[in-house]
Amino acid sequence: MNKKLLAVDMDGTLFNDDKTISKENLEAITKLLDAGHAFAFNTGRPNHALKEILSIYDEFKRDDVYILGHQGIIGTKMISDETLFSDCMDDKDAIEVISEVLRCGFTVVTFDASHIYTFNDNWFIESYKKLSGEQLVYLSNIDELKGKNITKLIAIDYDHPEALQAFKDDHAEVYDDRFESFFSHYAFLEYVKKGSGKGDGVKKLAARLNISISDVVAVGDERNDISMVEVAGVGVAMTNGREELKAVADYVTENDNNNAGVAEVIYKYFL
């Protein structure tokens with residue numbers, strides 16, 4: 001039996017809409033691990049924050065469980081604080097984009113390995129905090145980000161998300177050679193270092209585990225999952241996922257995130 005790797009997104013994929021993991025999904029993941037395969041959470045959430053969220057689930061407190069956090073930028077083991085890899089943005093490049101995002105009137109949150117920072121205090125930020133369940137550090141000067149090893153940034157606009165698409169398009173010529181940009185939510189435009197992201201995180205973890213990329217299955221629902229679904233041997237889109245993701249997937253689940261769609265994938269490709 002070839003050892004395989006399953007990489008899954010969290011919100012809209014493994015999580016139910018109430019941010020819990022179903023009994024069916026937990027049982028299937030346990031069987032996958034018992035069979036000798038590896039499992040990774042591939043998420044935009046910070047590693048430490050996801051680890052805290054998942055601390056209530058004993059099923060993940062074992063070997064061969066990994067977190068690919070910050071959009072696959074930082075890879076860690078679930079049962080230790082060991083960092084397997086990290087690929088941060090250049091300080092000057094990160095500050096350049098953040099400055100431009102703020103100049104154009106958008107709300108911004110930005111991340112290093114341990115903290116989430118913002119310069120804004122508005123209902124967008126309150127909504128983000130409620131959605132993510134994470135605490136933010138408020139900064140008054142962009143120079144405070146120097147030396148922070150920024151992993152990613154998010155431009156936010158709930159009222160006019162089409163303006164975020166326009167920003168992305170208008171700045172493509174300037175930024176596309178240094179950054180990957182994508183939507184992780186209809187109102188969240190994210191930037192990470194060029195060549196990094198969820199797909200790159202999957203490749204790095206698979207190489208570390210000596211697993212062929214052809215033996216990787218990746219599952220997601222949003223546009224930021226496209227890179228991992230494209231790079232995996234089998235790329236899966238949730239039936240509740242974006243049409244752009246379904247268009248590049250090898251398989252679309254019959255069941256959505258509220259009905260154990262990840263368990264469906266495990267039984268189809270692993271057990």
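**Figure 1. Residues lining the largest pocket of the predicted model.** The lining of the largest pocket holds 24 residues, and those nearest its centre are Asp11, Leu131, Ser184, His185 and Phe188. A pocket is an open set of points on a 1 Å grid over the protein atoms alone, where a 1.4 Å probe fits, with protein on both sides within 12 Å along at least five of seven lines; lining residues have an atom within 4 Å of a point. The space in this pocket is about 420 Å³, a volume being the space filled by probe spheres set on the points, which are joined across faces, edges and corners.

**Figure 2. Elements and residue classes around the largest pocket.** Two or more lining residues come from each of helix H1 (10–14), helix H6 (123–132), strand E9 (152–156), strand E10 (179–185) and strand E11 (188–193). H6 gives the largest share, three residues. Helices (H or I, at least four residues) and strands (E, at least two) are DSSP runs, numbered from the N terminus. By class, the lining has seven nonpolar, seven polar and 10 charged residues. Nonpolar means Ala, Val, Leu, Ile, Met, Phe, Trp, Tyr, Cys and Pro; charged means Asp, Glu, Lys and Arg; the others, Gly among them, are polar.

**Figure 3. The second largest pocket and its lining.** About 260 Å³ of space lies here. Of the 16 lining residues, Glu180, Ser181, Phe182, Arg223 and Ser227 lie nearest the centre. Helix H7 (161–170), E10, helix H9 (198–208) and helix H10 (226–231) each give two or more residues to this lining, with the largest share, four residues, from E10. Three lining residues are nonpolar, eight polar and five charged.

Residues are numbered from 1 along each chain as its sequence is written. In this predicted model, local features need pLDDT of at least 70 and side-chain atom pairs count only at pLDDT 80 or more, while totals for chains, interfaces and linings use all residues; side-chain values use heavy atoms, with hydrogens and water left out.
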